[in-house]
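Dear colleague,

I am passing on a structure that I would like you to look over when you have a moment. My notes on what was found in it follow below.

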Amino acid sequence: MPEATIIKQRQDMVDSHQTFSLGKEGFATAFSDRFDRLLPFLERRSAARQADLGLDDGDGLGDLSLVARTFSKEIVPLWRWKPGSNIAGGDRGAEIRLGQQYLTLALRTDVDGEGDVGFDVAVPCPHDDECTGRAWVPAYNVTCLFRALNGDLDDDEGIVCTVHGPNHADDQDDEDTPGIEERDLEAVHG
């Protein structure tokens, strides 16, 4: 490109940013740093939150409010409660599905014995590949859901299988534990 063209383009760019040239053309100039932008931003966020909670005379998210707070609003359209399901041992069961992939979740209403609520996500049993029970691991946020589906939580310390119990529990024996045969024979023969 010729040097004269580059110089001309540069000068045109500088001229377009000068406020006096806009004033000559009849435009008033205002820069964004002169406006109060935080208040309207917070007002919009507050109105959205009020709508989610149903405090704006609408229905809000209802029983999906906890789901949205825990996993994000983007998960809500994928969420399906499973009424009458017994997958969660008496707790409320749910499923997140997109295409052929899905996760099974349980709403735990007393995770700490003091009434706090949380979610568990179903994972494979860490003790037996052919286990017919359900294994659950706590799901605190959307990252936990990603890690569960990706297989990153398949050997997590927090897994509890409904058949085999906690993962890596001190009292847990399995076929691969050294000396198990000797202990079994000792138990039988005294």
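The protein chain has 6 helices and 7 strands, and, read along the sequence, these follow the pattern α-α-α-α-β-β-β-β-β-α-β-β-α. Please keep in mind throughout that this is a predicted model.

Among contacts between residues at least 6 apart in sequence, 34% join residues at least 24 apart.

The structure holds 7 salt bridges, and I describe several of them here with their surroundings. One of them pairs D52 with K73, where the closest N and O atoms are 3.1 Å apart. Because D52 lies in helix α3 (residues 38-53) and K73 in the loop between α4 (65-71) and β1 (79-81), this pair ties together parts that are 21 residues apart in sequence. K73 is partly exposed, its relative accessible area being 43%.

A further salt bridge joins D63 to R92, with the closest N and O atoms 2.9 Å apart. Here D63 belongs to the loop between α3 and α4 and R92 to strand β2 (residues 92-98), so the pair ties together parts that are 29 residues apart in sequence. Both partners count as partly exposed, since D63 has a relative accessible area of 40% and R92 has one of 37%.

What is the setting of the salt bridge between D120 and R108? The closest N and O atoms of this pair are 2.9 Å apart, and the pair links distant parts of the chain, with D120 in strand β4 and R108 in strand β3, 12 residues apart. Buried means under 20% relative accessible area, so D120, at 14%, counts as buried, and R108, at 15%, counts as buried as well.

Salt bridges also link K82, E95 and R97 in a network.

Finally, there is the matter of charge on the surface, where D110, D112, E114 and D116 gather in a patch of negative charge. Of these residues, E114 has its place in the loop between β3 (101-108) and β4 (118-123), and E114 counts as exposed because its relative accessibility is 68%.

Definitions and conventions. Residues numbered from 1 in each chain as written. Predicted model: local features only at pLDDT ≥ 70, side-chain atom pairs only at ≥ 80, totals over all residues. Heavy atoms only, no water. Helix = DSSP H or I, 4+ residues; strand = E, 2+ residues; numbered from the N terminus. Contact = heavy atoms within 4.5 Å. Patch = residues over 30% accessible without salt bridge, like charges linked within 9 Å, V, L, I, M, F, W, Y side chains within 5 Å. Areas by Shrake-Rupley, 256 points an atom, 1.4 Å probe, with all protein chains shown as cover. Salt bridge = Lys/Arg side-chain N within 4 Å of Asp/Glu carboxyl O. Lys, Arg positive; Asp, Glu negative; His and termini not counted. Charge placed at Lys NZ, Arg CZ, Asp CG, Glu CD. Buried < 20%, exposed > 50% of the residue type's maximum accessible area, 1.4 Å probe, protein only.
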